[in-house]
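Trainee: Could you take me on a close look at one part of this model, the place where the two chains meet, and then show me what surrounds it? I'd like one connected story, please.

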Amino acid sequence: MELGKLAGLKPYPQPLRNVFGEALLNVARDNEKVVVLDGDLGNSTKTEYVRQTFPDRFFNIGIAESNLVGIGAGLAACGFVPWITSFSSFLLCNAYDQIRLAVAMSNINAKVLGSHGGITLGKDGPTQMGIEDLALMGGLPTFVILVPSDPASMHAAVKAATDYVGPVFLRSSRVALPEIYPMNDCPFEIGKANVVRQGRDLTIVACGIMVAAALDAAAVLAQEGIAARVLDMHTIRPMDVAALAAAARETGAIVTAEEHLLQGGMGSNVARVVAEQHPVPMRFVGLADTYTESGDPDDLLRKYKLTAVDIAAAAREAYAAKTRQ
Amino acid sequence: MDAIPTTAVGELNEIARQMRLDILEMTTKAGSGHPSSSFSATEIVTALYFGGVLRYRPDEPLWPERDRFIMSKGHAAPLLYAALARAGYIERNLIWTLREVDSPVQGHPIQNVLPGVEATTGSLGQGLSAGVGHVLGGRLNRFDYRVYVLLGDGECEAGQVWEAAMSAAHFKADNLVAILDYNKYQETGPISREMALEPLAQKWQSFGWHVEEADGHDMADLLAKFDAVRMVKGQPSIIIAHTIKGKGVSFVEADFTFHGRALTPQQAELAREELHGTR
């Protein structure tokens with residue numbers, strides 16, 4: 001099933017990683033303090049666009065993630081705005097301590113790109129997949145954590161991250177995502193979730209590729225007479241407490257959906273806020289304590305239960321639990 | 001402090017003696033810390049800050065054109081703090097709050113918390129990478145500052161040090177100078193027993209570095225080597241400084257288990273007498 005089709009979303013020809021590359025080139029063009037550090041994956045993360053246009057501000061540090069982060073931190077201390085880039089899995093898992101000390105604890109103005117987040121990088125398999133990146137970043141108190149959901153929000157997120165003064169993590173994906181927002185008209189404020197569909201019966205809170213899947217699920221639920229609100233939780237930290245409290249109060253049931261382990265990801269953070277603000281029945285869509293495998297992205301999403309079908313099923317459960325109360 | 005002051009070697013040795021006394025008082029008052037790791041590098045840091053090697057402005061800690069000093073062996077924080085207080089970056093009274101709650105004088109140095117701390121260190125292996133970043137930043141900004149990074153010897157067991165070493169040579173970072181405090185001991189024992197580092201000079205040479213060796217407690221030798229590496233072009237330099245862990249206090253020199261502990265008040269009394277030359 002094509003992502004976003006049921007919701008009537010328009011497919012976008014470019015994979016999200018290419019959109020990231022273009023967005024990064026834009027901020028590099030606008031801000032001469034932007035420098036880009038690559039862990040020898042610029043042709044995959046698409047930081048190569050900056051390399052081609054601004055070679056003096058691009059540094060391939062090689063396959064050495066610890067050093068990549070350390071050098072980026074040094075450049076930040078010199079007043080530059082470094083984008084430290086690699087696959088989410090390699091960068092965070094190899095250089096977590098460097099990100100912790102040199103970026104998070106030092107509270108410097110550096111941006112970390114975790115590309116190829118989630119399982120939709122597909123055939124390269126679980127060694128390359130970043131399914132724990134949001135949990136790891138959650139362990140670093142000073143970081144803003146962003147997970148854009150479509151081409152327009154990727155552009156907006158890269159600009160917002162660059163303009164923000166302080167550590168930011170941004171997750172990108174290898175796959176193409178349909179258009180949720182008009183290209184040059186995406187509301188994007190760090191820490192403020194976007195309501196992308198109104199509804200009163202329950203709320204689906206999603207990030208990244210799961211926002212389009214949530215909109216598909218909402219379309220299915222609408223045919224059954226269930227009006228689902230959909231929140232694009234593009235900022236995992238700081239989390240939009242007001243939007244979640246309103247969702248819980250006004251719709252009475254919440255489903256979360258993320259391309260990440262359930263443990264420590266967006267959903268568990270949403271649950272903490274909901275439990276404090278206004279407890280309501282909740283269900284969680286995500287990876288349940290498992291590594292995945294190589295495969296076509298669509299096959300993987302189906303096998304590991306990260307589709308609109310799975311979100312709709314969880315929504316029916318949450319809605320039933322609410323109406324039983 | 002633009003002009004490089006010239007201070008006689010004798011005066012520098014006297015400063016080093018006073019720095020050791022400061023380190024002793026700080027760590028004994030705190031009841032913890034790493035005095036012996038600080039003592040081994042005291043002449044090195046004294047030469048850098050007070051021997052005219054570093055160019056800096058204590059009243060403008062983030063002066064963009066300053067020379068950088070990065071204490072990569074972050075457990076020698078008391079030595080860094082003693083130097084920052086003496087140089088005028090921080091109030092001298094502050095250093096007596098080492099390791100106390102609400103003090104910016106943390107157990108290991110934290111960047112952006114205390115003026116003059118260029119990088120957060122304490123998890124070993126990270127400082128040289130930051131140094132390379134400062135080199136690249138200086139190049140983009142067209143500044144001619146130099147970057148000095150103090151490494152521990154045990155620290156050179158960490159892979160990141162060699163990642164950074166490789167990249168510094170790749171980027172022809174000839175304004176980068178590493179100083180290796182080669183005191184021959186790591187936390188649990190002699191380096192040669194725990195994880196052999198030798199041949200160390202050849203390792204650095206093979207990574208593309210210019211290598212000098214120095215007596216790390218001989219001020220004139222250190223100053224000469226700092227001068228010599230200024231002439232090196234097209235590659236980074238390292239000064240392997242042979243040192244004695246706990247230098248200056250006989251019973252600390254003789255016992256490597258002082259690595260991670262302070263002297264008791266009684267031991268400090270004896271150490272004080274030695275450092276004052278009254279014992």
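Mentor: N112(B) sits in the loop between helix 4 (77–87) and helix 5 of chain B. Its backbone is worth a glance: phi of N112(B) is near 65 degrees, a positive value in a residue that isn't glycine. Keep in mind as we go that this whole model is predicted.

R142(B) isn't a glycine either, yet its phi is positive, at about 60 degrees.

Okay, on to the meeting place itself. Here 24 residues of chain B are in contact with 25 residues of chain A. The area buried between chain B and chain A comes to about 1,900 Å², and carbon and sulfur atoms give 60% of that. On the chain B side, Q126(B), L140(B) and E163(B) lose the most area to chain A; together they make up 26% of what that side buries.

Which elements of chain B give two or more residues to the side that touches chain A? They are helix 5 (127–141) and helix 6 (159–170). Helix 5 of chain B gives the most, with nine residues. If you sort the residues on this side of chain B by type, you get eight nonpolar, 14 polar and two charged.

What about links between the chains? Across the interface of chain B and chain A, the rule finds zero salt bridges. Polar contacts are another story: the count between chain B and chain A is eleven residue pairs, with both residues at pLDDT 80 or more.

Salt bridges do turn up when you search the whole structure, with 26 of them over all chains. Take R316(A) and E224(A), whose side chains meet in a salt bridge at 2.7 Å, N to O. This pair ties distant parts of the chain together, 92 residues apart: R316(A) belongs to helix 13 (residues 308–324) of chain A, while E224(A) is in the loop between helix 9 (210–223) and strand 9 (228–232) of chain A.

Back in chain B, have a look at how two helices pack. The axes of helix 1 (residues 9–30) and helix 11 (residues 265–276) of chain B come within 10 Å and cross at roughly 175 degrees. An angle over 145 degrees counts as roughly antiparallel, so helix 1 of chain B and helix 11 of chain B are roughly antiparallel to each other. Helix 1 of chain B brings R17(B), R20(B), L21(B), L24(B), E25(B) and T28(B) to the contact, and helix 11 of chain B brings P265(B), A268(B), A271(B), R272(B), L275(B) and H276(B). By type, the residues of this contact are six nonpolar, two polar and four charged.

One last thing to spot is the cis peptide bonds. One joins E198(B) and P199(B), with omega about 0 degrees, and P199(B) is in the loop between helix 7 (191–194) and helix 8 (200–206) of chain B. Over in chain A, the peptide bond from R237(A) to P238(A) is cis, with omega near 0 degrees. You'll find P238(A) in the loop between strand 10 (235–237) and helix 10 (241–251) of chain A.

Terms used
Residues numbered from 1 in each chain as written. Chains lettered and ligands numbered in written order. Predicted model: local features only at pLDDT ≥ 70, side-chain atom pairs only at ≥ 80, totals over all residues. Heavy atoms only, no water. Axes fitted to C-alpha atoms, helices over the stretch in contact; angles between N-to-C directions. Helix = DSSP H or I, 4+ residues; strand = E, 2+ residues; numbered from the N terminus. Parallel < 35°, antiparallel > 145°, perpendicular 65-115°, else oblique. Contact = heavy atoms within 4.5 Å. Nonpolar A, V, L, I, M, F, W, Y, C, P; charged D, E, K, R; others polar. Buried area = accessible area lost by both parts, 1.4 Å probe. Salt bridge = Lys/Arg side-chain N within 4 Å of Asp/Glu carboxyl O. Polar contact = N/O pair within 3.5 Å; in protein donor to acceptor, adjacent residues only side chain to side chain.
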